[in-house]
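Please keep the structure in view while reading.

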Amino acid sequence: GIDKDWNYINENSIRISGLPYGKYQLHIKGQAHNGQWSKNELIIPIVVLKPFYLRWWFILGIALLLIVAVIYFFRYRTKKLLKSKLALEKTVGERTEQLKNSLAEKDVLLKEIHHRVKNNLQVISSLLELQSGSIEDENAKAALTEGQNRVKSIALIHQKLYQHDNLAAIEINNFIPELYQQVASVFAKKGQEIVSDFTIPGKDIDIDTAVPLGLMLNELLTNSFKYAFDINRENILKINIQTTGDGQFVMTYYDNGPGLPAGTAL
């Protein structure tokens, strides 16, 4: 099935190469010196074995080896990724702990700053109080008292700041009633009946807003106690704060005092 014609050779040996695997028959016949060919042929069966890399056991072995290699690769890759993940988690944990420590140190520092500012303001307030004790002029003494009250209002803000979890803001619904009590302790007259009504949202305000708000309320409350409230009647004080949609708020302040004299220029 390979050669269609006879091959003539003059040697006494035969070399065959490059046969595909399978079964063949080699036909041989000889020629005498007179040129006559032999009547019978010598038939030799030839079997070319299948190469080992084409045998089923080799293919199966290669497939199993490939599967094992893939499994090993994925296990190695998974183990490496897990190791990298653990290392990353450790690094993140260490950095997180460092950040927590830094934030804790920052909080302690800010609390200490607010506490020291509050203490220094109280020292100033005490000095003003001592100074007012040696002044006989009532107008000068009243001015010192009002200045002392302004300092106390700022001190109250810093006190609220280091007492609050958020060191950058204070709770306005707690700050305003305490500021009212602080002003009342200085200016309220004995026997005065004051009905206070505070409608204040539970909102935090930053120190940049709290300081001017505290000073403004301090002036309003001082004026109410000095000029609006009377011992002989019921005194009403209302503070209403409403938040707007843009993050701002509107404050309404009301007392039932007589108001400004007629003809007062504003």
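Two strands count as paired if DSSP finds at least two bridges between them. The model discussed here is predicted.

Q: Which residue in β7 does K238 stand opposite?
A: Strand β6 covers residues 234-243, and its pairing with β7 is antiparallel, with 7 bridges. The residue in β7 that stands opposite K238 is Y254.

Q: In what order do the 3 strands of the open sheet lie?
A: The edge strands, each pairing on one side only, are β4 (193-199) and β7. The pairing within this open sheet is mixed. From one strand to the next, the twist averages 10°. The order of the strands is β4-β6-β7.

Q: What angle does the direction of α4 make with that of β7?
A: Helix α4 packs on the sheet and touches β4, β6 and β7. Its direction and that of β7 make an angle of about 15°.

Q: Which element gives the largest share of the lining of the second largest pocket?
A: The second largest pocket has a volume of about 200 Å³, and its lining includes L220, N223, Y253 and D255. Two elements give two or more residues to this lining, namely α4 (207-228) and β7 (249-255). By kind, the lining residues are 6 nonpolar, 4 polar and 1 charged. The largest share is 5 residues, and the element that gives it is α4.

Q: Which strand gives the largest share of the lining of the largest pocket?
A: The largest pocket has a volume of about 1,000 Å³. It is lined by 27 residues, and those nearest its centre are D3, W6, N7, L26 and H27. The largest share amounts to 5 residues, and these come from strand β1 (residues 22-28).

Q: How many residues of the lining of the largest pocket are charged?
A: The lining of the largest pocket holds 12 nonpolar and 10 polar residues. The charged residues in this lining number 5.

Q: In which element of the chain is confidence lowest?
A: The chain has an average pLDDT of 84, and 97% of its residues score at least 70. Confidence is highest in strand β2 (residues 42-48), with a mean of 92. Where pLDDT is low, predicted coordinates should not be read in detail. The lowest confidence, a mean of 77, belongs to residues 138-163, which form helix α2.

Key. Residues are numbered from 1 along each chain as its sequence is written. This is a predicted model: local features need pLDDT of at least 70, side-chain atom pairs count only at pLDDT 80 or more; totals for chains, interfaces and linings use all residues. Side-chain values use heavy atoms; hydrogens and water are left out. pLDDT is the predictor's confidence in each residue, from 0 to 100. Helices (H or I, at least four residues) and strands (E, at least two) are DSSP runs, numbered from the N terminus. On a 1 Å grid over the protein atoms alone, a cavity is a set of points where a 1.4 Å probe fits but cannot get out, and a pocket is an open set with protein on both sides within 12 Å along at least five of seven lines; lining residues have an atom within 4 Å of a point. Grid points are joined across faces, edges and corners, and a volume is the space filled by probe spheres set on the points. Ala, Val, Leu, Ile, Met, Phe, Trp, Tyr, Cys and Pro count as nonpolar, Asp, Glu, Lys and Arg as charged, and the others, Gly among them, as polar. Axes are lines fitted to C-alpha atoms, for helices over the stretch in contact, and angles run from 0 to 180 degrees between N-to-C directions. Contact means heavy atoms within 4.5 Å.
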